[in-house]
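Have the sequence and the 3D view ready as you read.

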Amino acid sequence: MVIAIDLGSNTFRVALIKKEQNGFGNEQIYEKIVGAARGLNESGKIGLEAKNRLFEAIAEAKSKFDFTKFKCVAVATEAFRVASNSEEIFSEIREKFGINFHIIDGQAEAKLTFLGVQNALRKLGINDKFSIIDIGGASSEIGEDGKFISFKFGIITFYERFKTLDLMQENAKIYTKEAREFLTSLGNRLIVLTSGVPTTIAALKLGLNYESYDPKKVNGYELKNDDLTWFVNELLKMDDKSADVAVGRSRKYPLIAGTLLLKELLNGQEAKFIVIDDGLREGVGAAYLKGIFQEIITKF
């Protein structure tokens with residue numbers, strides 16, 4: 001078994017990954033919103049509040065997982081690729097917590113995410129060729145096996161740039177134009193949606209809130225285009241306190257931003273949309289247990 005950590009631009013996700021008969025599974029999971037990309041557009045740095053939230057999350061994870069018994073493999077993505085103080089933060093993490101983070105590029109992130117999604121699909125009995133869309137906090141990865149592109153838009157950076165609903169609606173199509181064209185060129189009849197936006201939409205449709213969220217119930221949910229409009233409208237009807245309960249603290253507007261981006265990406269796609277909670281975190285664990293992690297993060 002291995003402890004796999006995905007430090008995204010918005011969320012810190014940890015899992016104890018084990019080998020199973022039909023692939024790999026999560027023995028134990030933990031995640032927390034740390035909002036690493038908040039303020040990144042303006043400062044070019046990971047902010048002090050985000051850093052403190054991250055350190056609190058690592059301390060919580062260290063109390064829940066046996067880091068003395070299992071190897072830990074940790075990766076960080078777009079916010080840390082561009083922030084000027086990433087190395088300083090990771091040096092402090094190594095000293096305080098003994099965890100060594102690999103800042104991986106967009107291609108490696110997409111490949112590892114694909115592995116995590118592929119493993120989850122196989123467990124659901126789905127073996128069709130598929131594309132993935134992973135809209136993160138500061139970047140979005142799209143592609144299929146052997147062909148990926150990382151695009152420089154994410155829910156936190158997009159929301160912080162435009163702030164208002166009108167401006168986000170006006171700019172979502174412009175921001176996703178190249179990504180939408182690339183997705184269309186792949187022509188797959190199955191598109192798998194992973195990351196917080198689609199999983200939260202699926203959860204709310206299933207009657208789950210942030211506290212009762214269950215990845216096993218979300219995995220395999222078939223998302224319809226109408227679900228995206230419904231989700232935005234539901235969030236707009238909620239006051240901030242209700243939204244905090246429903247979808248997590250301070251996630252209302254970034255989730256609306258992400259849904260608008262996703263809606264533009266899926267517009268005109270003649271495919272089935274399946275939601276999968278598993279992603280980069282699971283892919284990191286699977287790749288390590290298969291002995292291909294180092295090859296993936298150095299290949300691209």
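## What counts as a hole

On a 1 Å grid over the protein atoms alone, a cavity is a set of points where a 1.4 Å probe fits but cannot get out, whereas a pocket is an open set with protein on both sides within 12 Å along at least five of seven lines. Lining residues have an atom within 4 Å of a point. Grid points are joined across faces, edges and corners, and a volume is the space filled by probe spheres set on the points.

This is a predicted model, where local features need pLDDT of at least 70 and side-chain atom pairs count only at pLDDT 80 or more, while totals for chains, interfaces and linings use all residues. Residues are numbered from 1 along each chain as its sequence is written, and side-chain values use heavy atoms, with hydrogens and water left out.

## The cavities

How many cavities of 30 Å³ or more are there? The count comes to two. The largest cavity has a volume of about 50 Å³, and its lining includes I17, F24, G25, N26 and D278. Two or more of its lining residues come from each of β3, α5 and α13. (Helices, H or I with at least four residues, and strands, E with at least two, are DSSP runs numbered from the N terminus.)

The second largest cavity holds about 40 Å³. Among the residues around it are N10, I33, R38, S250 and P254, and α6 (155-162) and α12 (252-266) each give at least two residues to this lining. Sorted by class, the lining has five nonpolar, two polar and two charged residues. Here Ala, Val, Leu, Ile, Met, Phe, Trp, Tyr, Cys and Pro count as nonpolar, Asp, Glu, Lys and Arg as charged, and the others, Gly among them, as polar.

## The pockets

Now for the open spaces. The largest pocket contains about 850 Å³ of space. Its lining has 46 residues, with T11, R13, E31, I33 and G196 nearest the centre. Which element gives the largest share of this lining? That is α8, with six residues. By class, the lining of the largest pocket is made up of 18 nonpolar, 17 polar and eleven charged residues.

The second largest pocket has about 360 Å³ of space. Of its 17 lining residues, N26, K123, K216, N219 and D278 are the closest to the centre. Strand β3 gives the largest share of this lining, four residues. Eight of the lining residues are charged, alongside five nonpolar and four polar ones.

## A six-stranded sheet

Strands of a sheet pair through backbone hydrogen bonds, either parallel or antiparallel. This model has an open sheet of six strands in the order β8-β7-β6-β9-β11-β10, with mixed pairing; two strands pair if DSSP finds at least two bridges between them. At the edges are β8 (147-151) and β10 (221-223), each of which pairs on one side only. On average, neighbouring strands of this sheet are turned by 25 degrees against each other, direction ignored.

Look at β7 (residues 140-144), which runs antiparallel to β8 and is joined to β8 by five bridges. Helix α12 lies across β6, β7, β9 (190-194) and β11 (272-275), running at about 155 degrees to β6. Contact here means heavy atoms within 4.5 Å; axes are lines fitted to C-alpha atoms, for helices over the stretch in contact, and angles run from 0 to 180 degrees between N-to-C directions.
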